[in-house]
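Me: I would like to go through the charged pairs first, and then the strands. Could we look at the model together?

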Amino acid sequence: MNRSRIAARVGQLRPTTINRVLAEARQLQQGGASLVSLMRGQPDTPTPAPVVEAATRALRAGRTGYADMQGEPALREAVAEKLFRDNALRYDPGREILVTDGATCGISTALAALVEPGSVVLLPEPIYDAYASVVALWQGRPIFVRSRIRDGRFVIERSALEEAWTPEARVLLLNTPWNPVGTVLRRDEVGELLGFALERRLTVLSDEIYEALLYDGVTPVSPASLSDEARERVVLVNSLSKTYAMTGWRVGYCAGPAEVIAAMLLVLQQSSRGPATFVQDAAAFALRDEQSWVRQQAAEYQTRRDQVVSRLQGIAGVVPLVPEGGLFVMVDVRGLRRGDDEVRRFLLHEAGVVVLHGSAFGPGGAGTLRVSFAAGGVVLEQGLERLCAGLQRLATGNET
């Protein structure tokens, strides 16, 4: 009898939509196509020079050995200072903070510690599609919570939570600012979601990696900051990737109740020894340094956001939704009377611009496109030229 050597649970995993579309785009490029990408959330700004210099100093000082498996004490202390400064949260760096290889690792480790086989994780959608696979990896069951567009922004209503909930539910995953839709949950919205979670005794896994990329004076609200009771039900996940343009450095952190952090550390140490010590030193420097660079970066991205929105306004059947945070504009293309993946493929093959279709992030994203403004300058300008020209062709029926 032939049996696969591959574990059955791997069959539940899927490549992310980004990787599938990237593969499609690369195939076209190998055939000679010229493409401009408005797809990824990779900041095009370099890591701030003082952070690079801090890593260099650490290397020269011999900081190349094994790191503390929970995270270097100096970085955990810097995280605690940051959480108090920016989020009005107090965490014990010795017992309630864990350093991870980026937020993706933090989310996976938290789910491993919290999810039982067959238990449910509630995922408001449209949502970053990599979450569902990691839930499945730990033998959980993702159930999507439908959202809707109200007053030009995606919102989650309590009735949708009630509809999605099952007795097997253990975790509610929130992402604010919300990838891909750009909504920044307001205090009353966070309060309603937390109220539901507390009533149903759910743990809230709060992914806050876009918290510094906020526009129009919007203020972020960390779910753990609402009350002492909320703090005890929330595991906060963050990283330095977006805030400090440190995507390749792979350094993030989690904060939560001591018993959860202890369980996460036990899981983590089976597969990781954490970021390199010199990387952790640079991360501690970034968190403690004056934050003017972060504010300048957010202002630059707001300018790019406005550029995308203004260019797309006025195309028949196309409505850009103005994001409050993050690196993406969701574009409602239902007025073109075509499926969103059909529109995406037309733009890729006929207009030479790479974007993502909203339905890739769940049914609530159907009829939309996700357009990134992580890249600026010539890339953004050329990409918008192609995007607008392609959408205009679809709007006028001039597809050939």
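Reply: The side chains of arginine 158 and glutamate 162 meet in a salt bridge, at 3.1 Å from N to O. Please keep in mind that this is a predicted model.

Me: How far apart are arginine 158 and glutamate 162 in helix H6?

Reply: They are four residues apart in helix H6, so about one helical turn separates arginine 158 from glutamate 162.

Me: Are those two side chains buried, exposed or partly exposed?

Reply: Arginine 158 is partly exposed, with a relative accessible area of 24%. Glutamate 162 is also partly exposed, at 31%.

Me: And how many salt bridges are there by this rule?

Reply: The count comes to 31 salt bridges.

Me: Which residue forms a salt bridge with glutamate 168?

Reply: Arginine 141 does, with the closest N and O atoms 4.0 Å apart. This pair links distant parts of the chain, 27 residues apart. Glutamate 168 lies in the loop between helix H6 (158-164) and strand S7 (169-175), whereas arginine 141 belongs to strand S4 (residues 141-145). Glutamate 168 is partly exposed, with a relative accessible area of 38%, and arginine 141 is partly exposed at 40%.

Me: Moving on to helix H12, where do aspartate 341 and arginine 344 lie?

Reply: Both are in helix H12 (residues 340-351), three residues apart, about one turn of the helix. Aspartate 341 and arginine 344 form a salt bridge whose closest N and O atoms are 2.8 Å apart. Aspartate 341 is partly exposed, with a relative accessible area of 28%, whereas arginine 344 is buried, at 4%. Salt bridges that share partners join Glu24, Asp341, Arg344 and Arg345 into one network.

Me: Now the strands. What is the order in the open sheet of four strands?

Reply: The order is S11-S12-S15-S14, and the pairing is antiparallel. Strand S11 (319-321) and strand S14 (356-357) are the edge strands, each pairing on one side only.

Me: Over how many bridges do S14 and strand S15 pair?

Reply: S14 and strand S15 (residues 368-372) pair over two bridges, in the antiparallel sense. Leucine 356 stands opposite arginine 370 in S15.

Me: Which strands does helix H11 touch?

Reply: Helix H11 (residues 292-312) packs on the sheet and touches S11, strand S12 (328-332) and S15. The direction of helix H11 makes about 15° with that of S12.

Technical notes: Residues are numbered from 1 along each chain as its sequence is written. This is a predicted model: local features need pLDDT of at least 70, side-chain atom pairs count only at pLDDT 80 or more; totals for chains, interfaces and linings use all residues. Side-chain values use heavy atoms; hydrogens and water are left out. Buried means under 20% relative accessible area, exposed over 50%, partly exposed in between (1.4 Å probe, protein chains only). Two strands pair if DSSP finds at least two bridges between them. Contact means heavy atoms within 4.5 Å. Axes are lines fitted to C-alpha atoms, for helices over the stretch in contact, and angles run from 0 to 180 degrees between N-to-C directions.
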